[in-house]
Amino acid sequence: MIDAVAVFSTEAAKLLATALVGRVDKGLGQLAGIARAKFGAKFGSGPVAVAELRERVLAACQDDPVFRAELMEAVAVLNAAGQRPPAVEGVEPFFNHAEHLRAPRESGTCLIYGPVGSGKTELARQIAGLVRDRFPGGWIEIDVAESCTGAVVDLALVKRQALLKLGIPGGEIAADDAGLDQQFGSVLATRLFTVILDNVVSAREVELFRPFRMNLVLATASARTRDLDALDPSPILLGGLELEGAREMLAYYCGAVRLDAEPDAADALLEMSGRMPAAIREVGLSLARHSGEPYPVSGLLARYQADGITDAEGVINDSLAQTFATLAPETVEAVALLSGFPGHWFTRETAVAYLGMPDDVFDEVVSAMLTEQVGGWHRLTALVSQYAAKLSADRDAAFLRLLSHVRDRAVAADLAGDAGRLREYVVPPGLSWTLPEDRINWLHRHLGLITEVVRAAARRGRHAEVCQLAGALEVLITARWLWREYAEISDLAVRAAAALADGEPQALYARTLSMRAKTWFLARAFDTAAADLQQAWELAEAVTIRPARRQRLQSSVAEFRARFFEERADTFPAERASLLAEAEVWLRKAIALDQHLEHGYALGIHHRMLASVLIKAGRPAEAMAEIESGRQHATGRNLSRLDMVAARAFLALGDLVRARECWSRARAELKSTGADQYQWEVREIEARILAAEGRPEAARTAWGQLIGDAWKLGHPRTNEYVTEFESLP
């Protein structure tokens, strides 16, 4: 079990170490003031070690609840910085279970049980809205059903969803499990917020958040289980609404129909609906269709009785049947098809492609109020989706239309970049990027849908399309550093490529193995990655293709192997020298192949990578030769990255003037191209240059700002920055 107070104390100490010496923005002044009020006015008059601070803060937090609460709130307010995560607001008016809103929980875990349609999620939103002023971080909502791999809830995905919704950029979320666990704990320990966990199936999902007891966890579940009951001795049990609330809700939805003219019939309809909110809404909508008729309430009740409708499910199905009866046949077909849309969420563009119908058919679906919308994404409401799924429709043909559309868009996005990039997937002819939206942004915005499409394509044996989508996504994954999100896609691509190879060595199979290996070694699963890379190298040597193409493939696999050894060297300091030597061997192999091919683009990359490895190995003078060779070939962003490596080399050699020149060029170029993924390295180099120039105050400020920015992300690199900060004179 996580000790949330210990985690909080560690994180608070990191900030206090910079706040106490007054080198960071004034927003940290309150933290320093709280610490000095507790530990004495002279405390922190000079640098204080984080380890010492942690012990003092931890002891004080354990012994003094008032101090703990004050410090936690100050840290949470600092983290929120006036920003609340976007949340789905509760509906108005709200008729459901008012008794649970009179004295809502304000911290800890609150379980809400109830059948589908009982209003569990809506009640959770209402509670979150009522207590919002207590939580500077607002509230987030996570549908656990969307974090499943097959039938099993993937807890890592739940953690990632929480971090994303708390504002942590996807590219800044740790790829390995240990780093993710640390980041998740750091972020949750330093924020005050409410989390709505919808559709939990076991205590495992809730227990992720439970240690952070200052926060409020609202968990909804349809099935009551013993392990969930153990988390909350007084759960909320939802059935039907109380009678007055049910009457108010029915009156709201039935339009001009006067319920007070037929009170007995109205109450009978409510009892038939089980007073379930979803059923009451449908009864009200059915009544509204008969507004103006004599005795509409009694008439509807009589029809239900004649048709054998006796419960909420029957009421809902009848109402939906009546709704569908008013729709045009093509609209009904569209809704039936959309009930099978992969992942359920669709944009207008992808829905139209999937349906293969005119745009106005989709517009009719939306106009009929059969969907709900979040941003530019739509999905059928739960009841409509369940009903429409029973209708006959050619969903397989619709999926193939969607598959072709998404594949073509993704490949066009890939092709719009570097035309000479190594692509081993089959490129469909005639594709070009024609959308006004940035191609990388489009891929990122559709990554969730593409993942669902790849899963569905794999189930259908569409191996070529799986590999095309996985290959096209490489540009997004490397640009935005979304390797964890890519892990499942890369695994499915390896399986698809193996099926296409049918036992023969193929370049595509080698490429997919290399990409999967990178997802493994970034997650620190080095043994698994090593096996993939060994197989990829053997395939690259054995594949029967043009010699030049084979050598390009070999150079690429050699690059992956070099990165593998470099990552291991960063992870295992005791083996650093031998592992960096292995990385050097593989990069020299890649360079030799590139030189034979006269492949300038690859030479620019591989000389830069080798220079970086040599600097890590303590050989900056040798690195300079690789840097100069790289300059003959590098262009654009790669040239800027080469300048970053050169700055590090000159810094190691003590040539601070040239180090700053290279750093300045790299910073300006990367800023102009929006290459945000390199911001940390650029800022780290600046801080080191400042320290080497004998400017400790400026260096302290630079490292302090890095600590603050990384700390807000809960990023493990915060610890490295603290070490640098503490090493300053």
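Strand β2 is joined to strand β5 (residues 194-198) by five bridges, and the two strands run parallel. Within this pair, W139 is positioned opposite T194 of β5. The model described here is predicted.

- The open sheet is formed by five strands with parallel pairing, arranged in the order β2-β5-β6-β1-β7.
- The edges are taken by β2 (139-143) and β7 (236-237); each has a single partner strand, so one side of each is left without a neighbour in the sheet.
- In general, the strands of a sheet pair through backbone hydrogen bonds, in either a parallel or an antiparallel manner.

**The helix across the sheet**
- Helix α5 (residues 120-130) lies across β1 (108-113), β2, β5, β6 (216-221) and β7.
- Relative to β6, helix α5 runs at about 170°.

**Domains**
- The domain assignment of the chain comprises domain 1 (4-80), domain 2 (98-237), domain 3 (243-325) and domain 4 (327-393).
- A distance of 29 Å separates the C-alpha centres of domain 2 and domain 4.

**Residue S640**
- S640 is located in helix α31, which covers residues 636-653.
- Is S640 buried or exposed? S640 counts as buried because its relative accessible area is 3%, and the cut-off for buried is under 20%.
- When neighbours within four places in sequence are set aside, the contacts of S640 are A666, E669 and L670.

Notes
Residues numbered from 1 in each chain as written. Predicted model: local features only at pLDDT ≥ 70, side-chain atom pairs only at ≥ 80, totals over all residues. Heavy atoms only, no water. Domains from an automatic or database assignment. Helix = DSSP H or I, 4+ residues; strand = E, 2+ residues; numbered from the N terminus. Buried < 20%, exposed > 50% of the residue type's maximum accessible area, 1.4 Å probe, protein only. Contact = heavy atoms within 4.5 Å. Pairing = 2+ DSSP bridges. Axes fitted to C-alpha atoms, helices over the stretch in contact; angles between N-to-C directions.
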